[in-house]
Amino acid sequence: MEYNYNYDYTTDLSTADAGVMAGMMAFFAAYFLVIMAVAVFMIVCMWKIFVKAGKPGWAALVPVYNIIVLLEIVGRPAWWVLLFFLSVIPFVGWIGAMIVGVIVMIDLAKSFGKDTGFAILLILLPIVGYPMLAFGKDEYKGPAVTAATPPAAK
């Protein structure tokens, strides 16, 4: 018994196939550019928020350290950064990390003298809330957690 194998792996792309592929590549290139523009804009917003709070703006560029600086701004201990890494645990960790993120956003809003409604904006539409906080006239009032904590009895 004799087998005949065809090792010719060339394909013929029709004009329509080439057009579809070119269109898809153009779409994904445009999508990538939009995502990059939004990411740069959000970094600029975080930079301005950090500067308003008296922290170095460049900290917004450094992964993990930017979370530590954000925690300092809102008055939470630095070890809370570990709680953000709960997200590596499927399901339960994701929920835990989301809860911690919501708490930090509420504290961030309160640190700038805003109410819980503004915190909801920061959580649901950060692309709107962060620029309002960064470029608005709001001033940093101090860490929300220490401001809300009553002084210790003597």
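Axes are lines fitted to C-alpha atoms, for helices over the stretch in contact, and angles run from 0 to 180 degrees between N-to-C directions. The model is predicted: local features need pLDDT of at least 70, side-chain atom pairs count only at pLDDT 80 or more, and totals for chains, interfaces and linings use all residues. Residues are numbered from 1 along each chain as its sequence is written, and side-chain values use heavy atoms, with hydrogens and water left out.

**Exercise 1.** Determine how the axes of α2 and α4 cross, and which residues make the contact.

*Solution.* Helices are DSSP runs of H or I with at least four residues, numbered from the N terminus.
Step 1. The axes of α2 and α4 cross at roughly 55° and come within 9 Å. Therefore α2 is oblique to α4; angles under 35 degrees count as roughly parallel, over 145 as roughly antiparallel, 65 to 115 as roughly perpendicular and the rest as oblique.
Step 2. The crossing of α2 and α4 is left-handed, that is, the near helix is turned anticlockwise from the far one by less than a right angle, whereas clockwise would be right-handed.
Step 3. Contact means heavy atoms within 4.5 Å. From α2 come L70, L71, I73 and V74, and from α4 V104, M105, D107, L108 and S111.
Step 4. By class, this contact of α2 with α4 has seven nonpolar, one polar and one charged residues. Ala, Val, Leu, Ile, Met, Phe, Trp, Tyr, Cys and Pro count as nonpolar, Asp, Glu, Lys and Arg as charged, and the others, Gly among them, as polar.

**Exercise 2.** Describe the packing of α4 and α5.

*Solution.* Step 1. The axes of α4 and α5 are 8 Å apart, at an angle of about 130°, which means that α4 is oblique to α5.
Step 2. The crossing of α4 and α5 is right-handed.
Step 3. V102, M105, I106, L108, A109 and K110 of α4 meet T116, F118, A119, L122 and I123 of α5. Nine of the residues in the contact of α4 with α5 are nonpolar, one is polar and one is charged.

**Exercise 3.** Characterise the packing of α1 and α6.

*Solution.* Step 1. α1 and α6 pack with axes 8 Å apart, at an angle of about 35°, and their crossing is left-handed.
Step 2. Among the residues that make the contact are F41, M42 and I49 of α1 and Y130, L133 and F135 of α6. The contact of α1 with α6 divides into 14 nonpolar, no polar and two charged residues.

**Exercise 4.** Locate V145 and find its contacts beyond its neighbours within four places in sequence.

*Solution.* Step 1. V145 belongs to helix α7, residues 144–148.
Step 2. With those neighbours left aside, V145 is in contact with V74, G75, R76 and D107.
Step 3. C-alpha to C-alpha, V145 and V104 are 9.9 Å apart in space, while 41 residues apart in sequence.

Notes:
Helices (H or I, at least four residues) and strands (E, at least two) are DSSP runs, numbered from the N terminus.
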